[in-house]
Amino acid sequence: MGTATATSDSGSSGKVLNFFPVPVSDECLSNDGRRTGICLNTYECRIQNGKSYGPCALGFGVCCVFTASCGDVVENNVTYFVSPNFPAITREASSCELEVKKMGPEVSQLRLDFVHFNMGQPNRRTGVCESDTFVIAAGTNREFSVCGQNSGQHIYFDVEDMDEPITILMNMSREHTARLWEIKVTQIEFQQRVPSGCLQYHRDGKGVIQTMNFAENGRHLANQDYTICMRQEEDMCSIVYEPCDENSFKIGPAVSQQQLDDEVGGSGFGIVGEAREQCNDKIVMPCDSEEFLAAEGFGSTGLCD
């Protein structure tokens with residue numbers, strides 16, 4: 001960093017040359033306040049297919065925002081994956097794939113923020129995502145899928161031991177379904193990673209935890225098995241969980257004695273009593289450990305209703 005004065009032999013006045021380095025990894029906020037970009041010089045932003053959204057680095061750089069859509073390959077700190085013709089609604093049946101390459105071996109996670117995420121609902125009876133499915137996958141045995149309405153949600157995806165590109169796929173098989181998405185994809189280096197295995201990670205002292213597709217007309221999704229983590233805040237020693245309102249917690253109804261009797265032909269034998277105490281779909285919270293103490297009467301089998 002610095003300046004130099006250049007003076008010609010003819011005695012003309014000196015000229016100041018600026019060698020102010022533009023940070024190439026610092027994040028910046030676009031001038032419309034909507035998106036996060038990377039501070040680059042104008043030339044680098046252009047050759048990397050970014051778009052300038054205002055100045056940064058005291059005016060020596062531009063806030064370069066990267067967007068991508070179907071069929072693109074990206075390798076940036078922060079990229080916004082958007083639906084075709086965004087922000088217009090898309091209704092065509094199609095398949096849309098984005099390939100994400102790690103910027104380097106130090107990248108251990110991707111964070112996906114669902115700024116806008118509106119896709120088709122799952123099967124009304126089974127809860128399985130059929131007509132529309134979002135899938136993020138790496139390798140042959142690591143993937144996560146979801147559908148429905150998930151604006152405001154986020155996920156972390158572990159890629160520490162992955163060398164091949166990560167694929168984000170939007171499968172849309174039904175015509176005339178309104179769809180719109182804007183997903184912020186951030187590459188996270190090892191030093192800034194969250195604990196491995198946490199699909200979601202919350203840092204604030206208070207907040208709201210929601211199931212995927214939690215919406216007024218949303219349906220409970222099948223095949224969801226993941227961990228939500230909370231960071232312990234300074235000077236805090238416990239966590240209190242409570243429903244936001246009387247209708248905000250219902251994953252699966254408690255099985256009535258009559259329902260169980262009907263399923264086994266009214267016999268009322270031992271399997272009925274055992275099944276009544278279990279939930280197929282449930283939330284499990286750690287308890288009776290050094291980190292968490294359960295309220296009286298609350299076991300570790302989970303809550304469903």
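On a 1 Å grid over the protein atoms alone, a cavity is a set of points where a 1.4 Å probe fits but cannot get out, and lining residues have an atom within 4 Å of a point. Volume here means the space filled by probe spheres set on the points, which are joined across faces, edges and corners.

You are looking at a predicted model, where local features need pLDDT of at least 70, side-chain atom pairs count only at pLDDT 80 or more, and totals for chains, interfaces and linings use all residues. Residues are numbered from 1 along each chain as its sequence is written, and side-chain values use heavy atoms, with hydrogens and water left out.

**First stop: the cavity.** Searching the whole structure turns up one cavity of 30 Å³ or more. Select Val 74, Asn 76, Thr 79, Val 100, Val 185 and Gln 187 to see the lining of the largest cavity.

**Next: a disulfide.** The structure has six disulfides (cysteine sulfur atoms within 2.5 Å). Select Cys 28 and Cys 63, joined with an S to S distance of 2.2 Å.

**Then: buried or exposed?** Buried means under 20% relative accessible area and exposed over 50%, with partly exposed in between (1.4 Å probe, protein chains only). Cys 63 is buried at 0%, and Cys 28 is buried at 13%. Now select Cys 237, which is exposed at 71%, and Cys 244, exposed at 59%.

Note on methods: On a 1 Å grid over the protein atoms alone, a cavity is a set of points where a 1.4 Å probe fits but cannot get out, and a pocket is an open set with protein on both sides within 12 Å along at least five of seven lines; lining residues have an atom within 4 Å of a point.
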